[in-house]
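Here is a briefing on one protein model, grouped by topic. Keep the sequence and the coordinates at hand while reading.

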Amino acid sequence: MIALPATVLCGRTTAAAGRASPIPTTWPGVFMADTEKKMARVRLQRLVDDLGGTLLEVIEGSEALAAEVTGVTIFDPRDELMIWPGELVLGVGLNSEVEIIDLIRKLGAARAAALVIKTPAQIGTAIRESVRAHDVSLLGLNGTASWFQVAVLLQTLLDRWTVIEGRHFGDSPVGDLFAFANAVSALVDAPVTVEDRASRVLAFSGRQDEADRGRVETILGRQMPKGPIQILEERGVFRDLYSSHEPIYVPAIGPGMLPRVAVAVRAGSEVLGALWVVVREPLPEHRLRALADAAELAALHMLRQRNTMDFDRQLSAELLGSVLAGGVGAAEAASRLGLRDGPLCVLAGQPLCAPGAEFESAGQRLADALALHLAAIRAQSAVAIVGRFVYAVISVAARKAREDVLRHMQSITSDFVSRLGTRDRVVIGIGGLAPSLPGLGKARTEAERTVRVLRAGNKAAVACFEDVYLETVLDQLSDVLAGEADHARGPIARLMTYDASNGTDLTVSLRAYLEAFGDVKAAAGAVNVHPNTFRYRLKRIHEVSGIDLNDSRTRLAVLMQLTAASNLSA
């Protein structure tokens, strides 16, 4: 077997580490954003080098590239600017030279590491002088990449150097798949990705700018695109790959694409995924042998990462459950999750599928994706599955108006749902704003009630509790009626009994009348009868049930009972 460097065998990173958060923010099991500012001690120059020109170019700041990067944040001109020393700031929405220079000045005062902007045609002298004056590097972003993709990618690269406290196997930190991928890349002299059975990217090496556009899209999307997956499936590539213990050569599958060499990663009889190498021609025998040997070591790293993710999920759920339940342990749990004192917002979400294995799998995907989304926008948050819901608790700015906060959260959440695609349909409810930890119980209940309304047929996928409040009242009434032995009582019960005995539909006509606000012609059209016939039915309704349709309170009570009864029978 070819010996890999000791740092790869044990998974040790070469960068020193300082403070680490109690629960890691690692891909793909991210459960918190901003739990504590991790001093990963990653040099900006190394971050730029690892991206290899695929996404970023250095516009100005050669000396400042020695700065240590501690995190990634997205600048939003609508929000309060809160920058930690060493952060890499994504300048979303910066359109003018004046805006860029003003932000550089603020970042210099905060001792930020760098500013990333969409690369304009030219960078003026004033911007370059400002960069040098305030010791903040200026990086240009490739225009084809989205800010969200870049935020996730940069955070992933930072996490690879972070040593997690107390999370070791033997002498090494867990899950250093990125260092492993770089070592394999050096052995085969080509860019490498580590992917699971679903073709999701778990880690990747440097030198990806030497690959093709398909590889760049795979890394940005953190998964091989559907088109190439379908082609590989149709050609039997995955079948051959997962049935072989040796690397296989995969010819280019389209114009502008390069060939691949892939080898399956196994733990006993279980196939965990594969190593994928972009090549220009078949690898020589000694490099194929090195790749096959590396696949055996990859299994150890992938299993470690999976075990760590399972532990993180369980711990996250326990801590967030304590926060939501309140009590004496809530404050300590909130502190461990990195939630600030002050206003908090609660989201509750569920996949729109029946309970079972599919529901559990979709729920975990929802939790992972939501945590990543919040991490990318620098929300100070915690995400976990507790019971049948995916919850997110988010710290918000204390000085913001309540209505503005809720609308901002609705916008963020709607944007997240739009990114999910069609594989998993989900609904997410936003509870009212809790002023502090003791108010989280009420906000949680409101978020859950909102989800119930959305699942019951509301056309929206995301809603605030305030917007569906009336529907939640009916939902609560359904719960009250469901707890009674006889759901329909009083006048409505007499009317329903009469319909059942005589084959009539007076109950349907009554609801049509109420929903038409007393418009006989409209109600008659809804049940397809002549208005005179409908007036006769209204007379019979009064005779049978005793309902006084001239009384507004009676009309409201009857409509609520009919609606609740309908929800129960649905």
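In helix α3, Ile 100, Leu 103, Ile 104 and Leu 107 are buried; buried means under 20% relative accessible area, exposed over 50% and partly exposed in between, with a 1.4 Å probe and protein chains only. Seen down the axis of α3, the buried residues fall within an arc of 105 degrees, so they line one face of the helix. The arc is that of the directions from the helix axis to the C-beta atoms.

This is a predicted model: local features need pLDDT of at least 70, side-chain atom pairs count only at pLDDT 80 or more, and totals for chains, interfaces and linings use all residues. Residues are numbered from 1 along each chain as its sequence is written, and side-chain values use heavy atoms, with hydrogens and water left out.

- An α-helix has 3.6 residues a turn, so residues three or four places apart point the same way.
- Helix α3 covers residues 97–110, and its 14 residues should span 20 Å at 1.5 Å a residue. The end C-alpha atoms are 20 Å apart, which agrees. The expected span is 1.5 Å times one less than the number of residues.
- The cover over the buried residues of α3 includes β6 (87–90), β7 (114–118) and α4 (125–134). Contact means heavy atoms within 4.5 Å.
- Arg 111 follows α3 and has a positive phi, near 60 degrees.

**The chain as a whole**

- The protein chain has 20 helices and 20 strands. Both are DSSP runs numbered from the N terminus: helices are H or I with at least four residues, strands are E with at least two.
- Of its 570 residues, 52% count as buried.
- Take the contacts between residues at least 6 apart in sequence: 65% join residues at least 24 apart.
- The accessible surface of the protein chain comes to about 25900 Å², and 53% of that belongs to carbon and sulfur atoms. Areas come from the Shrake-Rupley method with a 1.4 Å probe; for residues, only the protein chains shown count as cover.

**Helix α13**

- Thr 413 sits in helix α13, residues 402–420.
- Thr 413 counts as buried because its relative accessibility is 2%.
- What does Thr 413 contact, leaving aside its neighbours within four places in sequence? The partners are Leu 347, Ile 428, Ile 430 and Val 462.
- Arg 407 and Glu 403 also lie in α13, four residues apart, about one turn of the helix. Their side chains meet in a salt bridge, 3.0 Å from N to O.

**Other salt bridges**

- The structure holds 20 salt bridges. The criterion is a side-chain nitrogen of Lys or Arg within 4 Å of a carboxyl oxygen of Asp or Glu.
- Arg 43 bridges to Glu 68, with the closest N and O atoms 3.6 Å apart. Arg 43 lies in strand β2 (residues 42–43) and Glu 68 in strand β4 (residues 68–69), so the pair ties together parts that are 25 residues apart in sequence.
- Arg 43 is partly exposed at 42% relative accessible area. Glu 68 is partly exposed at 26%.
- Glu 448 pairs with Arg 444, with closest N and O atoms 3.1 Å apart. Both lie in helix α14 (residues 440–455), four residues apart, about one turn of the helix.
- A network of salt bridges links Glu 60, Arg 128 and Arg 132.

**Aromatic pairs**

- The structure holds six aromatic pairs. Rings of Phe, Tyr and Trp (its six-membered ring) pair if their centres lie within 6.5 Å; planes under 30 degrees apart count as stacked, over 60 as edge-to-face and the rest as tilted.
- Phe 389 and Tyr 391 form a tilted pair, 5.7 Å centre to centre with 40 degrees between the planes. Phe 389 and Tyr 391 are both buried.
- Phe 465 and Tyr 469 form an edge-to-face pair, 5.6 Å centre to centre with 80 degrees between the planes. Phe 465 counts as buried at 6% relative accessibility, whereas Tyr 469 is partly exposed at 42%.
- Ring pairs also join Phe 238, Tyr 242 and Trp 276 into a cluster.
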